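The sequence and structure come first.

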Amino acid sequence: MLPATLQTRVVIVGGGPSGLLLGQLLHLAGIDAIVLEKKSREYVLGRIRAGVLERGMVQLLEQAGVDKRLQREGFTHDGTIIAFNNEYFRVPFSKYIDKPVTVYGQTEVTRDLYEARESVGAPTYSNAEEVSINNADTDTPSVTFVQGDTRYTINCDFVAGCDGFHGVSRKTIPDDQRKEFEKVYPFGWLGVLSDTPPVHEELIYANSPRGFALCSMRNASLSRYYIQCESNDDANRWSDEDFWRELKNRLPQEFAEQLVTGPSIEKSIAPLRSFVCEPMRWGRLFLCGDAAHIVPPTGAKGLNTAASDVQYLYQAFKSYYHNNDSAGIDNYSATALARVWKVTRFSWWMTTLLHRFPGQSDFDLRVQQAELDFLKQSDEAQAAMAINYVGLPY
Ligand code: RFL
Ligand code: PHB
């Protein structure tokens, strides 16, 4: 194994959307950073995940200079449909807040960020193995990793842990110095991507007696649908035909009749959990995105919350390097967590409102129905949903 030593300001562990966005913003601010990604670029770009971007995230992508395709190809939505049994109503975001959301896939955001990073020649090491963060509680942290037959050591000022829920960053914080909060939901989401036009121009979140369903999209001819399933279900057990039948059974008849079906391009199951790690900083290591927190996808907050962390951390590094001011760094964890918990509450609320829970009593069902009725009738309840859905400010 050949040894090699590198030097940079910030090592970013993880080349998902948080790591790449932070890297691009730091690059534009003249702050050197190296991104380390465990997988290949093709693998990262093969993952189908989030599809709805808050205004704050779109502005951040604009700031990073990676919004051209998004502005061209993204769809602006200023409302969403909530369905219950065979009825539905619309929550018009624009009645309550002057901010829409943008429908544009995480896969495309990640592709745009990789291309931007490549075009400025910023260093990214893919297939980085055995990544280890060392001495993060001192003023001289370093990160080691293996790529091919070379073992690299990067000496740096700071480490940004953007390596997702299963990464090494969070686990680098000693057990007795972090507290983890977790709620696992007793179901998962079976998702299908299909080359078919979306059933409706806006998203449909449906609570039906057979469980939750969501109709989303990527563009005018690419749809993304989800249905609630058992946590331990296997996507291969579901034929396309079974999936479409089940989805139709969970939608109001008017939409079920309009649904265009076709072969699935991708089919996978995601577990649902809420998870928060406190604090989000240990010495010179800062956790960002899924490395620090997970939300259930109801409400589309995972990617967007990763983006708000990135914004706080980027501002903190900028103040530190440009103005010799470490207040942002010192306050990062508290500032990010204050927003993370509000988003955690909102995602938990939407999940609880729209899913059928195993063992749900008749009482629980009536309360759920009453809450949906209240949301349908109350401007105040819709306003609370709208301001959270389009994104709390940061
Ligand atoms: P990511 O996207 O997980 O990226 C982390 C990156 O770090 C790499 N990595 C390492 N790199 C170096 N060294 C190591 N030791 C490493 N260990 C891991 C990984 O390969 C990966 O490339 O986290 P990031 O950047 O914080 O972004 C967060 C978002 O990806 C996430 O919040 C959302 O995608 C969550 N999520 C969804 N959110 C939504 O809003 N709507 C959705 O429909 C939705 N679907 C999903 C999802 C997350 C899923 N996961 C994590 C299983 C569906 C799935 C399946
Ligand atoms: C998606 O399009 O993948 C999507 C949209 C909204 C959600 C979750 C996922 O709440």
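In this predicted model, Arg-339 has a relative accessible area of 4%; because the cut-off for buried is under 20%, Arg-339 counts as buried. Arg-339 belongs to helix 11, which spans residues 327-354. The side chain of Arg-339 makes a polar contact of 3.0 Å with the side chain of Ser-308. Beyond its neighbours within four places in sequence, Arg-339 is in contact with Glu-54, Asn-304, Thr-305, Ser-308, Tyr-312, Gly-391, Leu-392, Pro-393 and Tyr-394.

Helix 11 is also part of what covers the buried residues of helix 12, as are strand 6, strand 7, strand 15 and helix 13. Helix 12 runs over residues 362-377 and reaches 22 Å from its first C-alpha to its last, close to the 22 Å expected. Its buried residues are Gln-368, Leu-372 and Leu-375. Viewed down the axis of helix 12, these residues fall within an arc of 60°, so they line one face of the helix. An α-helix has 3.6 residues a turn, so residues three or four places apart point the same way. The face of helix 12 turned away from the buried side carries the exposed residues Asp-362, Phe-363, Arg-366, Phe-374 and Gln-377.

Ligand 1 has 28 residues around it, and Ser-18, Glu-37, Arg-47, Gln-106 and Asp-290 come nearest. Helix 1 and helix 10 each supply at least two residues of this shell.

| Residue | Protein atom | Ligand 1 atom | Distance |
|---|---|---|---|
| Asp-290 | polar side-chain atom | oxygen | 2.6 Å |
| Lys-38 | polar backbone atom | nitrogen | 3.2 Å |
| Gly-302 | backbone N or O | oxygen | 3.3 Å |

Taken alone, ligand 1 exposes 1000 Å², of which the protein buries 84%.

Conventions:
Residues numbered from 1 in each chain as written. Chains lettered and ligands numbered in written order. Predicted model: local features only at pLDDT ≥ 70, side-chain atom pairs only at ≥ 80, totals over all residues. Heavy atoms only, no water. Helix = DSSP H or I, 4+ residues; strand = E, 2+ residues; numbered from the N terminus. Buried < 20%, exposed > 50% of the residue type's maximum accessible area, 1.4 Å probe, protein only. Polar contact = N/O pair within 3.5 Å; in protein donor to acceptor, adjacent residues only side chain to side chain. Contact = heavy atoms within 4.5 Å. Expected span 1.5 Å × (residues − 1). Arc of directions from axis to C-beta. Near = heavy atom within 4 Å. Areas by Shrake-Rupley, 256 points an atom, 1.4 Å probe, with all protein chains shown as cover.
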